Amino acid sequence: MPDLNFGIESVAAVSYAAVPTVSFRLRVSNGNSEEQIHSVLLRAQIQIEVTRRHYSPQEQAGLQDLFGPPERWGQTLKNMLWTHVGVNVPGFKKETVVEIPVPCTFDFSVGATKYFHGLTHGDLPLNFQFSGTVFYQGLYQGGEGLQVAPISWEKEAKFKLPLNVWRQVIDEYYPNTTWLCLRRDAFEKLYEYKVRNGIPTWEEVIERVMTNAAEPVRT
């Protein structure tokens, strides 16, 4: 039976993808080097291990919306789920290398985006937790043929994602831009205010509302 092990070797920003994407280079090796692996349906849950990192005073201030004030971080600072991804690994013997593309959202209603944005430097500690199905050439009663086995839930790989790689891909797809998700009723109030006052851009809407906080958004 295959004994697969996994290791993340590197990461790079992907240009010209449909959405902002980073790609992790994954090495897959089999403990039985003579065993023929036909394919692997591989899944990975990517966790952000937020407790494995030191935070500067500036970062602590930038992460208060997510974790609260630093004096409460002993209770609020917990690992976060970033995303789930899947990849098909083609046939191999001994070991192979595949790319795992991971889409990156810039929606500030998502906790991972708030976390990435709140950091100023360094790396993001990640833990890839693997599962899936292995199709391999194996022995069974009466002969040899295609066999199927699950990947053990204990298989994982740790990796430190450089913050500048995430910033590179976000800056490439959203240059000098930030996405903000609003409730529809809040958007309608802002839109009515924009039209009523003949304001040409959304940036000016926000700036005017912040400057004139006492002015009602709608009549």
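K155 is found in the loop between strand 7 (143-150) and strand 8 (156-162), where strands (E, at least two residues) and helices (H or I, at least four) are DSSP runs numbered from the N terminus. The model is predicted, so local features need pLDDT of at least 70 and side-chain atom pairs count only at pLDDT 80 or more, whereas totals for chains, interfaces and linings use all residues. Residues are numbered from 1 along each chain as its sequence is written, and side-chain values use heavy atoms, with hydrogens and water left out.

K155 counts as buried because its relative accessibility is 13%, the cut-off being under 20% relative accessible area with a 1.4 Å probe and protein chains only. Leaving aside neighbours within four places in sequence, K155 is in contact (heavy atoms within 4.5 Å) with D3, L4, N5, F6, F128, Q129 and F130. The side chain of K155 also makes the polar contacts tabulated here.

| Side-chain pair | Polar contact |
|---|---|
| K155 and D3 | 2.9 Å |
| K155 and N5 | 3.0 Å |

A polar contact is a pair of N or O atoms within 3.5 Å; within protein, one must be able to donate a hydrogen and the other to accept it, and residues adjacent in sequence count only if both atoms are side-chain atoms.

Elsewhere, helix 6 (184-196) and helix 7 (202-211) each supply at least two residues of the lining of the largest pocket, and helix 7 gives the most, with three residues. A pocket here is an open set of points on a 1 Å grid over the protein atoms alone, where a 1.4 Å probe fits, with protein on both sides within 12 Å along at least five of seven lines, and lining residues have an atom within 4 Å of a point.

Key:
Buried < 20%, exposed > 50% of the residue type's maximum accessible area, 1.4 Å probe, protein only.
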